[in-house]
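Dear colleague,

Please find below the structure that I am handing over to you, together with its sequence.

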Amino acid sequence: MAINPTKSIPAFYAGQSIFLTGATGFLGKVLIEKILRSCPDVREIFLLMRPKKGLDVNQRLEKILNLPLFDKLREERPSSFKKLIPIPGNASEKVLGLSNEHKQMLIDRVTIIIHGAASVKFNDSLKYAILTNIRSTRDICILAQSMKNIVALVYIGTAFANVNEPFIEEKVYSPIADWKKMIDVAELLDDEHTLNVFTAKFLDYAPNTYIFSKNLTESIIQEYSSSLPCAIVRPSIVMSSLKEPFPGWIDNVYGPLGLYAGGAKGVIRVAYLSKDTYDNIIPVDIVINAVLIICWKLGLTTFSADSSLFVLNCTSEKCLTFGDEIKLLFVLNDETPLEGAVWIPKTILTDNYVLFNILTILLHVLPAMLIHLILTCFGRRSMLPRLVRLLYVANCAVSLFSFNNWKYNNANYLFLMSLIPSEDQETFCLNYFEYDLKEYFKFTILGFKKFVLHEDINRLDAARAHKRRVELFGTVVENIMFFGMLWIIYKWIFF
C-alpha cells in the first residue's frame, strides 16, 4: 500500500525507540548525531556496544560523544545525549551477547532496528565473518520477531555484495551458499583451521570473506521480510560528509584516502589499479538520510506478508576514474599539503602486474630496506619493511575493485527522493547530483588532516614550505641518480 506522506519525518520519529548496531563505526556515529539533531523528539536510542581497551560501554560512549562530530549538537541540544542508552553486547557472539534483562528491555520498547554492525575486514577468517556478519543478522531478525511494536528493520549492506553481476538491480540475488548451513558449520567446527581449509570452496566467486558474508546476509533479510517490515540499503564506498553536520567529517582511511595519504607523504610510490576504473564513492550524510527516510517509509506503510522487500542501491552517479581522482587529490594537495612528507608526492598507477611488482621492489622494498639498515646501525627500530608488506597485501586485496566497474539501477533512489515531504527536503536531502566534486574533495582533505591525522590547519604555510624543500631535495637526488646511471652506461659502453 502507498504511504501517507502527510506526516513529516521528524514527526514520525517522535516517541520512537531505536535499536542501533554498529554504533561505534563511522556510519553509526554519524547516524546518532543526525537522529538527535534532526529528530529531537525521538524517545531513545539503544546502542549495541562492546567493552574495548579497558573501557566499559558507558566510557566508550562518553569518548565518542567528545568527538568534534558532536560539537554542534553539544552546543545546541546537550540534553539529547541522555536519550542514548548503551547496551553491552557483541555482534560476534550468539544472540549478540545480550543479557536476558537487556534482551527483554529491547523486546518491550524497541520500534525501529537499524542493523549496521559488521566486520569490514577483507582478511577475516571465514568463521569470524560468518558469526559476526551472518549469524548476527539472523539473531537480529529473530529478536525483531519478538517485538510487538516493530515498524521497521533496516539492514545496511554493501553495493559490492553481488560482484559477479555487471549491472546491479535493486533486488536480492541468489546467494553463493546456504546461510543456514554456513552458520551450522561455523558453530560446529571449533577448529578454525579446518574451516579455513575449505574457504576457497565456500567462497566461490566472492573475492574475500567480507563479500561472501554480506552476500549471504541479504538472503536472511529476504527470508524474514515475510514476517517483518524490512529493507536493505547498499552503500558503495562511504566517504566524508557533504554537508552535515559540517562538510568534511571523516574518521577513517577507507576508499581513496589511504592511497592519497600514502602518496601525499611520499610513502606510496606505486599502486596496482586501472586509471580508467571508476571509484564509486558516496557521502556519509547521504547514506544516513537514506536510512532514516526508509525507516519513515516502512513505518508509514501498512505491512503485510505480501509486502515486497525494499532494496536501495545507495551509489553515486557522479564518479571519477581513479586516474582523474588521484590527479585531483594531488592538485588539492598543493593547496593543503599533508605534514611530514618524506619524498616528492607522486604515485605511479599501473594495471600491469609484472610492472607493479618490479616497481614495488625498486620504489618500495629497496628504499625501505636501506632506511631500515641505516636506522638499525644507529640502534633505532624501523617499521618500514612491515609497512611495505602491508601496503602490498592491501593493494592486492582490493584489486578486484581497482579493475572492475559496476553499474547500478537507482530507480528506488529516485522514488525515495520523490517521497520526501517538502518541509523535509533540506533536512533530509538525498540530492547529491549537483555538488561540486572538487569542492567536496577539498573539504575531505581538510577533514582528513584535522580529524584523522590530527594536523593543525593553521600550519598550512609550514606544511607548504616543508613540501617545497622535500621536492627540491628529491629532484636533486633523482637528477644525480639519473646522470650517475648515464655515466655508468657511458663508461661501460665506451671503455
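**The surroundings of Tyr13**

Leaving aside residues up to four places away in sequence, Tyr13 touches Ile18, Cys39, Asp41, Val42, Arg43, Ile112, Leu292, Cys295 and Trp296. Please note that the model is a predicted one.

Tyr13 also belongs to the largest nonpolar core, which has 87 residues. Tyr13 is among the residues with the most contacts inside this core, and the others named with it are Leu47, Leu84, Ile114, Ile294, Leu312 and Phe441. The element that gives the most to this core is helix α12, residues 284-299, with 12 residues. Another core, of 51 residues, lies apart from it; Phe19, Ala159, Ile220 and Ile232 are among its members.

**The chain as a whole**

The chain contains 19 helices and 15 strands. Its radius of gyration is 25 Å, which agrees with the value near 23 Å that a compact globule of 495 residues would have. Along the principal axes, the C-alpha atoms fill a box of roughly 90 × 55 × 45 Å.

Of the 495 residues, 51% are buried. The accessible surface comes to about 23,400 Å², and carbon and sulfur atoms hold 58% of that surface. Among contacts with a separation of 6 or more, 85% are between residues 24 or more positions apart.

Ser219 lies in helix α10, which covers residues 209-224. Ser219 counts as buried because its relative accessible area is 9%, under the limit of 20%. Beyond its neighbours up to four places away in sequence, Ser219 touches Val172, Tyr173, Pro175 and Trp179.

Thr199 is placed in helix α9, residues 199-203. With a relative accessible area of 16%, Thr199 is likewise buried. Its contacts, leaving aside neighbours within four places in sequence, are with Leu126 and Thr209. Thr199 and Thr209 are 10 residues apart in sequence, and their C-alpha atoms are 8.2 Å apart in space.

**Backbone features in the loops**

Most residues other than glycine have a negative phi, and most peptide bonds are trans. Several places in this chain may be read against that background.

The peptide bond that joins Glu244 and Pro245 is cis, with omega about -5°. Pro245 is in the loop between β8 (237-239) and α11 (257-264).

Val95 is not a glycine, yet its phi is positive, near 50°. Val95 is found in the loop between β3 (84-88) and α5 (100-109). Leu96 is placed in the loop between β3 and α5 as well, and Leu96 has a positive phi of about 60° although it is not a glycine.

With kind regards

Definitions and conventions: Residues are numbered from 1 along each chain as its sequence is written. This is a predicted model: local features need pLDDT of at least 70, side-chain atom pairs count only at pLDDT 80 or more; totals for chains, interfaces and linings use all residues. Side-chain values use heavy atoms; hydrogens and water are left out. Helices (H or I, at least four residues) and strands (E, at least two) are DSSP runs, numbered from the N terminus. The radius of gyration is taken over C-alpha atoms; the globule rule is 2.2 Å times the number of residues to the power 0.38. Buried means under 20% relative accessible area, exposed over 50%, partly exposed in between (1.4 Å probe, protein chains only). Contact means heavy atoms within 4.5 Å. Accessible areas come from the Shrake-Rupley method with a 1.4 Å probe; for residues, only the protein chains shown count as cover. A nonpolar core is a set of buried Ala, Val, Leu, Ile, Met, Phe, Trp, Tyr and Cys residues joined through side-chain atoms within 4.5 Å.
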